[in-house]
Amino acid sequence: MESKNHYFYVLMCADNTFYAGYTTDVARRELEHNTSDKGAKYTKTRRPVKVIHVESFPTRSMATKQEAMFKKLSKKEKEAYIKHAHSKEF
């Protein structure tokens, strides 16, 4: 059995708010958020949205725990989290 990757992702909405979610296919979810009713109610009125951060995890549980942690942060803390995560990339 092939294992799936599990992703925690963050979108930047058109109104400069963040949306955090879980998926096994980031590109499909971004498309759904922008074009269909399968996206979140929150993003439907804040289109277009753009993926600005993605983290991969070996299990769904780990990815959804990261999502829950992120959602508890203030906007400033979310901005710092994303900035710090991206400062480690080369």
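Reader: Where does P48 lie?
Author: In this predicted model, local features need pLDDT of at least 70 and side-chain atom pairs count only at pLDDT 80 or more, while totals for chains, interfaces and linings use all residues. Numbering starts from 1 along each chain as its sequence is written, and side-chain values use heavy atoms, leaving out hydrogens and water. Elements are DSSP runs numbered from the N terminus: helices (H or I, at least four residues) and strands (E, at least two). P48 lies in the loop between α2 and β3.

Reader: Is the peptide bond from R47 to P48 cis or trans?
Author: R47 lies in that loop too, between α2 (41–44) and β3 (50–57). Omega of the bond from R47 to P48 is near 0 degrees, and the bond is cis.

Reader: Which residues does R47 contact, leaving aside neighbours within four places in sequence?
Author: Contact means heavy atoms within 4.5 Å. R47 and A14 are 33 residues apart in sequence, yet their C-alpha atoms are 5.5 Å apart. The contacts of R47 are A14, E32, H33, N34, T35 and S36.

Reader: Is H6 buried or exposed?
Author: H6 sits in strand β1 (residues 6–12). Leaving out residues up to four places away in sequence, it touches Y22, T23, T24, E55, S56, F57, P58, T59, R60 and A63. Its relative accessibility is 13%, so H6 counts as buried.

Reader: With which side chain does the side chain of H6 make a polar contact?
Author: A polar contact is a pair of N or O atoms within 3.5 Å; within protein, one must be able to donate a hydrogen and the other to accept it, and residues adjacent in sequence count only if both atoms are side-chain atoms. A polar atom of the H6 side chain lies 3.5 Å from the backbone oxygen of K4. The side-chain partner, at 2.6 Å, is Y22.

Reader: Which residues does V54 touch, not counting those up to four places away in sequence?
Author: V54 lies in strand β3. It is partly exposed, with a relative accessible area of 37%. It touches Y7, F8, Y9 and V26.

Reader: What is phi of N16?
Author: N16 belongs to the loop between β1 and β2 (18–23). Its relative accessible area is 48%, so N16 is partly exposed. Its phi is positive, in a residue other than glycine, and is near 65 degrees.

Reader: In what order do the elements of the protein chain run?
Author: The chain has 4 helices and 3 strands. From the N terminus on, the order is β-β-α-α-β-α-α.

Reader: What is the radius of gyration of the protein chain?
Author: The radius is taken over C-alpha atoms, and the globule rule is 2.2 Å times the number of residues to the power 0.38. For 90 residues the rule gives 12 Å; the chain's value is close to that, so it is as compact as a globular protein of that length. The radius of gyration is 13 Å.

Reader: What share of the residues of the protein chain count as buried?
Author: The C-alpha atoms fill a box of roughly 40 × 30 × 25 Å along the principal axes. Among contacts between residues at least 6 apart in sequence, 55% join residues at least 24 apart. Of the 90 residues, the buried share is 38%.

Methods
Buried < 20%, exposed > 50% of the residue type's maximum accessible area, 1.4 Å probe, protein only.
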